[in-house]
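Me: I have a structure open and want to learn to read its features. Can you take me through some?

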Amino acid sequence: MENEKKNLINLILEALKLKGMNLEKLSQLSGVSERSLALLLEEQFDKLPPAPYVHGYLVKIAETLNLDGRELWREYLKNNEEIRRSGKEDILPLNRFAIPKLNKKIIAISGAVVLVLALVIFRLPVFFGQPELKISNINENPTIVYEATFAVHGIMNSADELTINGEAIYPQKDGNFEKNILLQPGFNNVVFQIKKVLGRTYTVEKQIFYQVKENSETQ
């Protein structure tokens, strides 16, 4: 049992002897500190860093001494029952300076959320802004007309809702609309109420004065 425990040590020491190296030279060539090499050869495994680090040391030692790194690692594990039991839980500590890997699913979901928010913000004026309403043939207030029937012409956003004197107006696709109004002699109030789908209602009032033509034959 004692010979088995020293297999790892013997492998390294014999290779050092063949190469004519000491620990200082091995440390320079392998990049493993002299202290770690000494702890390894003195079997003070409990003072060595976590197993993944030691595995890296053994690989570098094997490359420097022309040994089999996998064999050195197997021999190291033989003397460390606790490491063999730890399995996947024995991992390298996180590098606090390393950039963490992002989950692709989270990235995709985040991108979709950002896209939806951007679209909503872009479309907010369509739903909540002040609606557009242009009445093309009532320019003055009051507008004087001489016929009892008056056709109101205008343009609006076809997605908005418009009523004239309480009656719903359905514009064309381009937003143009027309509504015939029956006037009474004198002043007539025309109330336009328009709102966006999720917005508040805006009211515009216009006056039309219907001036009845005098019958020149009536004297």
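Reply: We go through strands, helices and loops in turn. Keep in mind that this is a predicted model.

Me: Start with the strands. In which sense do β2 and β8 pair?

Reply: Strand β2 (residues 143–145) and strand β8 (residues 201–210) pair in the parallel sense, over 3 bridges.

Me: How many bridges link β7 and β8, and in which sense do they pair?

Reply: Strand β7 (residues 186–195) pairs with β8 in the antiparallel sense, over 10 bridges. Here F187 stands opposite F209 in β8.

Me: Now helices. How do I read which residues point the same way?

Reply: An α-helix has 3.6 residues a turn, so residues three or four places apart point the same way. Now the case here. I109, V113 and L117 form a nonpolar patch on the surface. Together they have about 270 Å² of accessible area. V113 belongs to helix α8 (residues 104–128).

Me: Why does V113 count as partly exposed?

Reply: Its relative accessibility is 44%.

Me: Which residues of α6 are buried?

Reply: In helix α6 (residues 69–78), they are G69, L72, W73, E75, Y76 and L77.

Me: What caps the N-terminal end of α6?

Reply: D68 does. One of its side-chain oxygens lies 3.0 Å from the backbone nitrogen of R70.

Me: On to loops. How do I judge a phi value?

Reply: Begin with the background. Most residues other than glycine have a negative phi. Then look for residues that depart from this. N66 has a positive phi, near 60 degrees, and is not a glycine. N66 sits in the loop between α5 (51–65) and α6. With 59% relative accessibility, N66 counts as exposed.

Me: What is the phi of N165, and where is the residue found?

Reply: Phi of N165 is positive, about 55 degrees, although the residue is not a glycine. N165 is in the loop between β4 and β5 (167–169). At 42% relative accessibility, N165 counts as partly exposed.

Me: One more loop residue. Is D160 buried or exposed?

Reply: D160 is buried, because its relative accessibility is 7%. D160 lies in the loop between β3 (149–156) and β4 (161–164).

Me: Which residues does D160 touch?

Reply: Leave out residues up to four places away in sequence. D160 then touches P131, E132, I194, K195 and K196.

Notes: Residues are numbered from 1 along each chain as its sequence is written. This is a predicted model: local features need pLDDT of at least 70, side-chain atom pairs count only at pLDDT 80 or more; totals for chains, interfaces and linings use all residues. Side-chain values use heavy atoms; hydrogens and water are left out. Two strands pair if DSSP finds at least two bridges between them. Helices (H or I, at least four residues) and strands (E, at least two) are DSSP runs, numbered from the N terminus. Patches are made of residues with over 30% relative accessible area and no salt bridge: like charges are joined within 9 Å, nonpolar side chains (Val, Leu, Ile, Met, Phe, Trp, Tyr) within 5 Å. Accessible areas come from the Shrake-Rupley method with a 1.4 Å probe; for residues, only the protein chains shown count as cover. A salt bridge is a side-chain nitrogen of Lys or Arg within 4 Å of a carboxyl oxygen of Asp or Glu. Buried means under 20% relative accessible area, exposed over 50%, partly exposed in between (1.4 Å probe, protein chains only). A polar contact is a pair of N or O atoms within 3.5 Å; within protein, one must be able to donate a hydrogen and the other to accept it, and residues adjacent in sequence count only if both atoms are side-chain atoms. Contact means heavy atoms within 4.5 Å.
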